[in-house]
Amino acid sequence: KSYGDEMITNLYGGSGGGVGVSEPFLLAMFKGPRGRGGNGGGAIEIIAANDIILGSNAMISCDGEAGAGGYMFAGGGGSGGSILLAAGGAVKIGGRLSVDGGHGGVKKGIPKKNQSDVGHAGAGAGGRIALFGQSVTVAENSSISILGGRVGNCENTHMDIRSYNCAGDNGSLFIQSDIESEMSLDHTVGAMGTRGSLLIRPRSIRPAYNPLGLISSCQSGPEFDFASATQPSRISFYIRLGNSSESDWDASFELRDARWSYLTSKSTIKYTAVVGLVFGKEIRHKTNYIGAPYDDSHIGMMQTILPVTQRKRWIKVDIRLDWTKHIHDIFIDDVYLVKETPFFGGGIRGLSVGNFFGGSNVWFDEIYVGGDTTMGFRCPFLSANGTLEMDRPLSKGWKSDEVGDESKTRQMTRHESHISLRSIYQREDKKYIVPFEGEEGRLFTSDVKFRHDDGDRAHEKGRVLLGSMLRLPPSPEAHGDDTVMNSIDSSTSSNTFGKRPHKHIWYGEHDHRSHPTLISGAIMACSTQDFVTWKHEGVMLNYINLTDMVDGSDGPFHVEKPSVLFNSLSKKYVMWMLVDNVKRSLGMAGVATSDYPNGPFEFVRTLYPDGNQTRDQTLFQDNDGTAYLIRTYYYTTTYLVPEAVMQPTWESVKNADGTINFALSYHRAEYEPGYDDYHDIYMQRWRMEDKPWKVICVNRSTGLEREVPFGEDEICLDPFEYKKVLGQGNPMYESTKNGIQSRFLDPNDPDNNVWIPSSVPNAKGQSWKANYEAGTCGKRSIDKDIQLFDPNLPSREQPNRGNCSNIVDNPIHPTLPDKRIGKLTALEQRRAKYVAVSRLTDDYLDTDGFLTTYEGELEDGADLLTIVNQLRSKDDSLFDWKMEKSNGNSEDMIRSTFQDHVIDRYGAIGRENDHDDKQYNVKFGDRSLFSPGCVIDGDCIDN
């Protein structure tokens, strides 16, 4: 008999056979054979965490040894040993396992009459083999032997030797498998370029079922126990079906909230699977149903989500669960097929895969259970009413402060003058002068046509726009990997699936807010061939990889409006995007590249294209491969004109008390030589007529004086008195009673310098004395160095100083409107929206400086690419890159979005120097022709 139990609870080796003598000394009686017993078989235990695979040329043997012969008695055969193989995965036997017992020895001596069997030894029993695993597979060409040994020369005996119980018993083979199907690792095929996958072969014999609601006590595939209920937000895997089979159904994938052993122990259950899928001629799906391994009766109640299933190719299955709402989505090959379907259950305890009776081989690979790294993104889908729907972030565009203010006028300024200050015009009823009458001048003009409280347009959900599409040709050789739509095995007979012409890939930003104040997310991509079915191509560029390479500001950053072109020179896919922060204060462009249209993309840089902020842009590629960046921007143009200088209102020269000084008014308005002749009354001075009448008679003896009244005949008494004349002004006339006065107007007289012209606010007038001396005449002696009683006065020459002096500093003139003769100043600003088309460099990573601009806005939020169609209809040359230079040669010209100020010099006559409107700088006379400022620096007043 075999030792121990069939499960090999204790690992025993086989025992040796008995010796063929009764006493030890008898062994020395013969030289041979001596009847030695055979050795027992050994014991081998192999335990593996994963799989144990015994190849076709491998063998594990623990056989017992045969007993030796003897002259009197032969040796007994050794018993077989033990082989225990235990694997956490699969046990696959393709070679030989053997624990046979050893044969009994044969007696060599001459047997006595009627004792032909006496002396032959007994055989050893077979050993034990125990195999443990989730799946145990014994190949058809393999061999497992547990036979007991034979007794000596049994074929020549004349008696039934078995009646003496000398033959060895057969051993035991114990197989414990958690599943009924054959499971193993296939190292020849794997998903996503790997070289290994889980292979499950179908059972060829339909198993029996227990009566508990058709719940089988066995399993058709492995089950993974999470040890406790968990709530993963994403479960994905790849499945591959073999060649067509006898059955319509090949495999199942189920999420359970309890272990299978627990479910089979219950007398009643509500469901066995929380979410399940079956694969075969179709792909079907259902939640919270009862299904038993190998049982396909429940499949008829499941919903078809894909009516046709391709074989011998990997199919990607992606399940995403929302445990808050208890809804889930399912993607097949990244195509959104099951949308927000409810389910019941508090968590997932186990994951089970299996196959069906009569089905094909099934491969599983890359099973993922964990968090949803897609951030809840969903590709577009066609709604019941035929519209394309998608949950997109808000499309924001330009901010309100970037659009600019509304148009506004310049505040009127009233220039007061001596006329407006007269009492007749200072009336409460404003009868004669209406202040601020007329239209205000324009200070700022906004030619922005479309504006909203949010900016250039209302913030609204984004759309799937043409500018975010990349069209791929049917050949994968043209633009890299074009098999992203459907991965096809080389063993497939037809390699054309998924390669219909012109697959389009849409790129879009996806903002994911894990916290109200934090923005995370990524650029996602979806592909389509018919604009009905869309495939999620995955994450192209995560926001965490963005950096501000212009100012070095901190994030977090987010992206808007990504667009992709293929560069045939670099063989790269180049993505342009808008990059901004949470406050939207940057408005930069970003560039990334990838070797494949479905990413991933590597971030390259951020920039301000052509120096401008950008919030609305797209890419365009011309037929010759030249690429363009089309974008909008706002710009404020400043219009410069000479500053308006108020023209003076002529005013009479005033005395200190405000009365008019008529003589000085005339002299300073129109040069009068008589007013400039210091010696004009030299004769009257000689005759003392320039002083009031006063004649005195003086007594020569006493010195007494007496005044002689005007008009009396009385004369001084000579020789007693002599006459003293102090003045002979005729008191009979108003103009002579105080003496005849000179008409000369003295510039040194303070009374003549009280009044300074002030009718022009910006002008700086100086005193008449300073102007008198400012000309080429310069400073001079008022009396021309001629004494009052010089006898040459009658013959003197009187020069006209009106040509060399600024005596006339208040000429009579009409009151004119303000003249724009001042410094250049910003009269008005105008803000408008423009479209800039910038040519990209050969590698598409920057603009090359060649651009053209168009003023205008697109109506109704139209995509920027619509401008391309409009331009194409006008000219074969899409963008006007040629300009005529002054020499007539046509060559590329670099333009800029930064415009020069518009300067209007029309009517800007007269002075333009900064000092033309002032007669001095700091103090009177510092711009006179004789001043250091004039002589050295050339800062001179006009003569």
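A salt bridge is counted here when a side-chain nitrogen of Lys or Arg lies within 4 Å of a carboxyl oxygen of Asp or Glu.

The model is predicted, so local features require pLDDT of at least 70 and side-chain atom pairs count only at pLDDT 80 or more, whereas totals for chains, interfaces and linings use all residues. Residues are numbered from 1 along each chain as its sequence is written, and side-chain values use heavy atoms, with hydrogens and water left out.

One of the salt bridges joins the side chains of Asp-329 and Arg-378, at 2.8 Å from N to O. This pair links distant parts of the chain, 49 residues apart: Asp-329 belongs to strand β20 (residues 327-332), and Arg-378 to the loop between β23 (362-370) and β24 (381-382). Strands (E, at least two residues) and helices (H or I, at least four) are DSSP runs, numbered from the N terminus. Asp-329 and Arg-378 are both buried, that is, under 20% relative accessible area; exposed means over 50% and partly exposed in between (1.4 Å probe, protein chains only).

A further salt bridge is formed by Arg-801 and Asp-676, whose closest N and O atoms are 2.9 Å apart. Because Arg-801 lies in the loop between α5 (768-772) and β43 (819-840) and Asp-676 in the loop between α3 (662-669) and α4 (682-686), the pair ties together parts that are 125 residues apart in sequence. Arg-801 and Asp-676 are both buried.

Glu-773 and Lys-769 also form a salt bridge, with 3.1 Å between the closest N and O atoms. Glu-773 is buried, at 14% relative accessible area, while Lys-769 is partly exposed, at 30%.
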